[in-house]
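Let's take a walk through this structure together, starting at a pocket and moving on to its aromatic rings. Keep the 3D view open as you read.

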Amino acid sequence: MIRMTLMLIPMAMARMRESPWSSVEGPLGLTLVAAPPVIQDGGEVIISWKNLDQEHPNDYVTLTCGPTADKNDFLQLRNVSSHFVQFDDLYMLRCPYEAHYYRYGKDGESQLLGSISIPMVDSFNTPKQGHLGFTDAIDEMVIMYNSASTQTPQVKFGTTSHNLNNIRSGKSTTYKASDMCHEPATTIGQKFFRSPGYFHSVVMDGLVPLSEYFYQYGNDLDGWSAIRSFISRPALGDNTTISFIAYADMGVDDSPRGWSTSLRVFEDVVNKDYNSFLLHFGDISYARGVGYMWDKYFALIEPVATRIPYLVSIGNHEFDYISGGEHDPSHLESFHPSWGNYGADSSGECGVPMVHRFHAPSNGRGLFWYSFEYGLATVIQMSSEHNFLPGSLQHSWLQATLAGIDRTRTPWIILTAHRMMYTTQMGEEEDLRVSLHFRAAVEPLLQQYKVNLVLTGHQHSYERSCPVYQGKCVENGTVHMVVGSAGAELEQQGFSDQIGEWSVSHINAFGYLRGHISRTKMHLEFVLNTNGNVYDQVELRPWQ
Ligand SMILES: *[C@@H]1O[C@H](CO)[C@@H](O)[C@H](O)[C@H]1NC(C)=O
Ligand SMILES: *[C@@H]1O[C@H](CO)[C@@H](O)[C@H](O)[C@H]1NC(C)=O
Ligand SMILES: *[C@@H]1O[C@H](CO)[C@@H](O)[C@H](O)[C@H]1NC(C)=O
């Protein structure tokens with residue numbers, strides 16, 4: 001494991017390093033050339049070299065950004081097999097990228113022949129990674145963003161794009177490696193913890209219900225984001241049709257994967273007015289201690305998440321840990337029932353990056369469980385990674401929340417959790433076992449309070465149940481949908497009708513869910529990423 005002390009590069013030094021053609025010559029005086037000389041956020045760079053007689057088959061070039069422990073601490077490595085190497089996926093990490101050319105030595109020691117620092121087009125203080133979220137008040141919307149800046153974050157907003165006459169200031173937060181629970185998340189290195197910059201949040205308040213608002217975030221010193229718009233939340237009891245998006249298990253694997261989900265969702269949001277909210281119930285970036293993957297993930301969702309509120313809950317890959325529980329931001333005993341498979345799937349992050357990077361209403365347990373009312377629907381996002389058994393804090397909260405819903409005002413209840421209660425996915429025996437316990441603990445509440453829809457992920461596929469109760473299709477029951485194929489690698493095995501006859505539709509394919517909710521029906525469609533076709537659809541009727 002690589003260990004080192006994290007240093008912030010003083011601004012003067014950072015600026016000095018930004019001069020485009022600078023290169024540090026190694027013992028052999030190798031001069032490296034970067035093309036383009038300045039990197040775009042998410043871009044690529046080709047590194048070539050001058051005054052080298054001949055490449056050696058063991059030569060290689062590494063790419064780093066920010067402080068490194070030693071020459072084995074790098075982000076990417078390319079073996080030299082031609083007269084240049086290419087690095088891609090170069091997102092804003094708030095540090096200058098540097099390429100280093102090494103010659104592999106006789107006794108296994110590599111010798112540095114030359115280096116080059118490659119600046120980014122944008123300053124490290126540029127507002128990036130914008131995403132909208134809900135607060136507790138229906139006349140508010142919160143914008144969160146990231147940068148290296150310690151200036152007070154601000155937002156300007158208004159009902160037309162050329163008159164952003166309201167201005168608000170917000171606050172900023174960050175986290176350190178030592179704030180998390182255990183290794184490797186607490187390890188500092190190029191491919192482990194790196195300084196995440198600051199997470200800024202600013203609340204836009206006094207919003208008129210269901211109105212289009214234009215906004216821009218940043219401040220006069222650091223610059224402002226592009227102007228974006230969103231639709232404010234409806235008033236309580238509003239009957240306007242809701243159009244929403246839902247998925248789980250996304251991650252930042254190479255395109256198409258989550259990138260095609262994001263692109264299709266973007267088209268739905270911009271061209272088809274799916275602009276109420278987006279639910280992402282766990283397994284968010286799959287960073288698991290690899291800091292730069294969080295930056296990549298926010299670049300992936302930014303076009304969508306700056307246009308509709310992006311509401312997350314946690315999955316095993318954000319939360320599950322095996323030690324260091326005193327750092328757990330939910331401040332609850334970790335959940336390790338004998339029948340469970342709750343291991344170290346967050347690689348020690350234990351939800352710390354999540355609580356700094358996202359905002360949630362505070363009527364439950366912070367980001368871990370909460371509910372919100374949106375016109376005709378009440379949405380509850382719970383945690384399958386915390387104790388959900390009868391008698392637990394979460395179970396009691398869930399019951400009280402369900403009991404408190406005014407069904408004449410919100411005839412629809414949607415409950416989400418990361419793990420499923422109903423699955424016929426083969427090859428996941430441990431998850432199947434957990435699902436039966438989850439079902440036994442929570443299904444009585446679903447029936448008692450007539451929960452219309454349960455959305456889950458965890459299983460990397462799509463699956464829909466009939467209205468079901470205690471494993472049987474019934475006239476009045478909850479419909480369960482697994483929408484866990486937003487980008488993470490698909491399940492390798494099919495489905496078994498031996499596990500349950502209630503599974504009416506399923507497929508191992510990438511896609512996402514979109515829905516329309518009116519007072520008389522809820523229409524849901526599972527969209528395939530490969531062609532944009534609707535693979536499965538269902539219309540739910542009120543259950544009262
Ligand atoms: C580079 O070459 C070394 C040894 O020849 C090999 O072990 C390594 O996998 C290669 N790395 C990449 C990224 O191609
Ligand atoms: C919404 O519809 C219900 C049932 O038709 C009605 O009682 C209620 O007044 C409506 N709410 C608004 C704000 O129009
Ligand atoms: C299902 O709900 C409807 C509407 O409330 C009711 O009329 C019907 O009797 C219920 N069916 C069963 C089997 O309980």
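Predicted model: local features only at pLDDT ≥ 70, side-chain atom pairs only at ≥ 80, totals over all residues.

We begin with the second largest pocket, which has a volume of about 260 Å³. To find it in your viewer, go to Asp41, Pro127, Lys128, Gln129 and Glu302, which are the closest to its centre of the 15 residues that line this pocket. Two elements give two or more residues each to the lining: strand E9 (128–133) and helix H3 (291–305). H3 supplies the largest share, with 3 residues. Sorted by class, the lining has 7 nonpolar, 5 charged and 3 polar residues.

Now for the aromatic rings. Searching the whole structure gives 29 aromatic pairs. One to look at is Tyr145 with Tyr217: the ring centres are 5.0 Å apart and the planes meet at 40 degrees, so this pair is tilted. Tyr145 belongs to strand E10 (residues 141–147) and Tyr217 to strand E15 (residues 212–219), so their pairing ties together parts that are 72 residues apart in sequence. Are these two tyrosines buried or exposed? Tyr145 has 3% relative accessibility and therefore counts as buried; Tyr217, at 2%, counts as buried too. Both rings also belong to a cluster, in which ring pairs link Tyr145, Phe157, Tyr213, Tyr215, Tyr217 and Phe230.

Trp294 and Tyr297 are edge-to-face, with 6.3 Å from centre to centre and 85 degrees between the planes. These two residues are 3 apart in helix H3, so about one helical turn separates them. Trp294 and Tyr297 are both buried.

Our last stop is where charged side chains meet rings. Arg233 lies over the face of Phe134, 4.1 Å from the ring centre. In a second example, the charged end of Arg439 sits over the ring of Tyr422, at 3.7 Å from its centre.

Terms used:
Residues numbered from 1 in each chain as written. Chains lettered and ligands numbered in written order. Heavy atoms only, no water. 1 Å grid on protein atoms, 1.4 Å probe; cavity = no way out; pocket = protein on both sides within 12 Å on 5 of 7 lines; lining within 4 Å. Points joined across faces, edges and corners; volume = space filled by probe spheres on them. Helix = DSSP H or I, 4+ residues; strand = E, 2+ residues; numbered from the N terminus. Nonpolar A, V, L, I, M, F, W, Y, C, P; charged D, E, K, R; others polar. Phe/Tyr/Trp six-rings, centres within 6.5 Å; stacked < 30°, edge-to-face > 60°. Buried < 20%, exposed > 50% of the residue type's maximum accessible area, 1.4 Å probe, protein only. Lys NZ or Arg CZ within 6 Å of the ring centre and 35° of its normal.
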